[in-house]
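Subject: Two-chain model for you to look at

Hello,

Here is the structure I promised to pass on. Please load it first, then read my notes below.

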Amino acid sequence: MNITWYIVLSSLLFATGVLGILLRRSPMVILLCLELMLNAGNLALVAFSRMVGNEQGQVFAVIVMVIAACEVVVGLGLIVAIFRRRLPLNVDDLRELRG
Amino acid sequence: MEAVVFFVAAIGALGGAIGVIAMRNPFYSVLALIIHLFSLAALFLLLTSAFVAAAQVVVYAGAVMVLYVFVVAYVGGGGESAWEPIPGQRFLAPLLAVALFVELSIAVLGSALKALETHGPDTPTGFGDPAAIGRLLLEKFLLPFEASSILLLLAAVGAIVLAARRREANA
């Protein structure tokens, strides 16, 4: 398979993640869509690393996984904190910070 | 054979991604994301990156998704309101996503990278295996490696601070 296929699939997955973030209201699903976008980026990194024939892109992908894990931990902590304060779990209702 | 595996994994990845945004219940969204992650691990294997594929399955589909499942079970599903703060958001969002995909595809296909049309160069045995990645992480990329470990520690402390019960709230 050509590398182009992987890159086009990666951009398709990224667009799907963007669509999810724009459409969904639940912070949990928005976090999941962020995961989709990070994984699409990972796929592109690994595909380019194969294209060049160099493993450094795969190290990038591993670091991106670490970043994604951190983001999940902090995001889920925020969701639990919102839930504990009995605020609605809906990003349209949580708009006090909006300018 | 490679094409068959690629298309099966690509359909799995895309189907999982669509499942994540289409499911009403967040629990099913998490399960769809697990399918997506396993398909991506198969794609990583096709790209001869064994270590990234293994890390994807163990760390992502294993540990991170378990965390998601726990929080979904704790917080519960809950329907989404039909109220739209931006008029026409349901119609504008797909348009924007399609525009983004077309734009990214034009950027990639028009980039005149000759190597994109190849399978990539022939790689030696052991390309992308744990030994090679480990050597790179501990020699060339030692600073990012240590920085990411500090970041993980900070994230753990932050999650504890965020999710811990407040003393004054209990009293």
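I start with the charges of chain B. The mean positions of its 8 positive and 10 negative charges are 12 Å apart. Lys and Arg count as positive, Asp and Glu as negative, and His and the chain ends are not counted. Each charge is placed at NZ of Lys, CZ of Arg, CG of Asp or CD of Glu. For chain A, 8 positive and 6 negative charges have mean positions 7 Å apart.

Some conventions before the rest. This is a predicted model, in which local features need pLDDT of at least 70 and side-chain atom pairs count only at pLDDT 80 or more, while totals for chains, interfaces and linings use all residues. Residues are numbered from 1 along each chain as its sequence is written, chains are lettered from A and ligands numbered from 1 in the order in which they are written, and side-chain values use heavy atoms, with hydrogens and water left out.

Chain B, overall

Chain B has seven helices and zero strands. Helices (H or I, at least four residues) and strands (E, at least two) are DSSP runs, numbered from the N terminus. The C-alpha trace spans about 65 × 45 × 30 Å along its principal axes.

Of the 171 residues, 32% count as buried. Buried means under 20% relative accessible area, exposed over 50%, partly exposed in between (1.4 Å probe, protein chains only). Chain B exposes about 10,200 Å², and carbon and sulfur atoms supply 74% of that area. Areas come from the Shrake-Rupley method with a 1.4 Å probe; for residues, only the protein chains shown count as cover.

Contacts here mean heavy atoms within 4.5 Å. In chain B, 53% of contacts between residues at least 6 apart in sequence join residues at least 24 apart.

Chain A, overall

Chain A has three helices and zero strands. Its C-alpha trace spans about 50 × 25 × 25 Å along the principal axes. The radius of gyration is 17 Å, whereas a compact globule of 99 residues would have one near 13 Å. Of those 99 residues, 63% count as buried. Among contacts with a separation of 6 or more, 57% are between residues 24 or more positions apart.

Residues to check

Arg24(A) sits in the loop between α1 (3-23) and α2 (27-52) of chain A. It is buried, at 6% relative accessible area. A polar atom of its side chain lies 3.0 Å from the backbone oxygen of Ile21(B).

Two residues deserve a look for their phi. Most residues other than glycine have a negative phi. Arg86(A) is not a glycine, yet has a positive phi of about 60°. Arg86(A) lies in the segment after α3 (56-84) of chain A. It is exposed, with a relative accessible area of 73%.

Thr48(B) is not a glycine either, and has a positive phi of about 50°. Thr48(B) is in the loop between α2 (26-46) and α3 (50-75) of chain B. It is partly exposed, at 27%.

Best wishes

Technical notes: Rg over C-alpha atoms; globule rule 2.2 N^0.38 Å. Polar contact = N/O pair within 3.5 Å; in protein donor to acceptor, adjacent residues only side chain to side chain.
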